[in-house]
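Have a look at the structure first.

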Amino acid sequence: MSDFLYKKNKKFYFLLVIPALVIYCVALVGPLLIGTFPSSLYNWNLIKGNKKFIGLENFIKLFHDEQFIHALLFTILLAFVSIILSNVVAFVIAFALDSNIRGKGVIRSFFFIPNIISGVMVSFVWMFIFTNAIPNIGEKLHLDSLAQISWFGNTNMAMLAVIIVTTWQSTGFLMMLYVAGLQTLPKDVIEAARLDGCTGLNKIFRIQLPLLMPTVTINLFVSIAGAFKAFDIPLALTGGGPSNSTQTLALNIYTDAFGAFRTGYASAKSVVLFIIVAIVAIIQLSMTRKREVQM
């Protein structure tokens, strides 16, 4: 969008944003400021009805909570690996589907399907793959190491299973955004680069990726938000086990809030999660926007 058009229609664009901004404030900012932040300063058990002001004691207690620290570290690991893997795989698939191949519409739909079904259903599908399909393939190929993998009884393998399923579910949506981004790239610039001998990986890394940075910015933002709030897949796939090794921060908060009914303590954890996601998102946005190319 040119600066002239933006300045001319600035008020109109702002009016378009107002309804979404109002809904966002009512549904998220309001409950966060009025409910979650104040609740984190109380020792509050929802069932017993006890509510006593204790200041920052809940936040201090978090530093000594081994289960919270482990959930935080696993969430960071899950986010780091799944964000990189899902974006790389999504870009590769989008790049392949951007060329003139037959049935690319159907192929796009297949990759997008996991995104429109719930994480619980996706987890059940992969539970079948891990416990039946992969062992059967291992037996057919006489590979005992593959047939006898304990996906949910071993800590490392359970973590790997959660990472694989999380990456698989998020790839389709990111792929669609990359496809849309690739189709908006100016053809004259791509053709001029080709005539100058810039082809193959050089064309991708020197021409297409820099032009695609606005899409990369959006995809990374969506990936970060999704990875840090991972809840349904770990819950349905492993239940946070074995020994709480695959318990994410969101699942840990849920266990405290609706399992032990420690509402104040769970609110403090929610505030910490919000701050972490906000910091990571701000750093990511500032880094990727600097690399965006204005046409």
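## Helix packing and pockets

The axes of α2 and α14 cross at roughly 115° and come within 7 Å of each other. Axes here are lines fitted to C-alpha atoms, for helices over the stretch in contact, with angles running from 0 to 180 degrees between N-to-C directions. Helices (H or I, at least four residues) and strands (E, at least two) are DSSP runs, numbered from the N terminus.

This is a predicted model, where local features need pLDDT of at least 70 and side-chain atom pairs count only at pLDDT 80 or more, while totals for chains, interfaces and linings use all residues. Residues are numbered from 1 along each chain as its sequence is written, and side-chain values use heavy atoms, with hydrogens and water left out.

Back to that crossing: on the α2 side, Leu 32, Thr 36, Phe 37 and Ser 39 touch Gly 264, Ser 267, Ser 270, Val 271 and Phe 274 of α14 (contact means heavy atoms within 4.5 Å). That contact holds 4 nonpolar, 5 polar and no charged residues. For the classes, Ala, Val, Leu, Ile, Met, Phe, Trp, Tyr, Cys and Pro count as nonpolar, Asp, Glu, Lys and Arg as charged, and the others, Gly among them, as polar.

Now for the pockets. A pocket is an open set of points on a 1 Å grid over the protein atoms alone, where a 1.4 Å probe fits, with protein on both sides within 12 Å along at least five of seven lines; lining residues have an atom within 4 Å of a point. Volume is the space filled by probe spheres set on the points, which are joined across faces, edges and corners.

| Pocket | Volume | Lining | Lining classes |
|---|---|---|---|
| Largest | about 650 Å³ | 18 residues | 15 nonpolar, 2 polar, 1 charged |

Nearest the centre of the largest pocket are Leu 28, Leu 32, Leu 273, Phe 274 and Val 277.

Zooming out, the protein chain has 14 helices and 2 strands, and its C-alpha trace spans about 70 × 65 × 30 Å along its principal axes. Of its 295 residues, 36% are buried (under 20% relative accessible area; exposed is over 50%, partly exposed in between, with a 1.4 Å probe and protein chains only).
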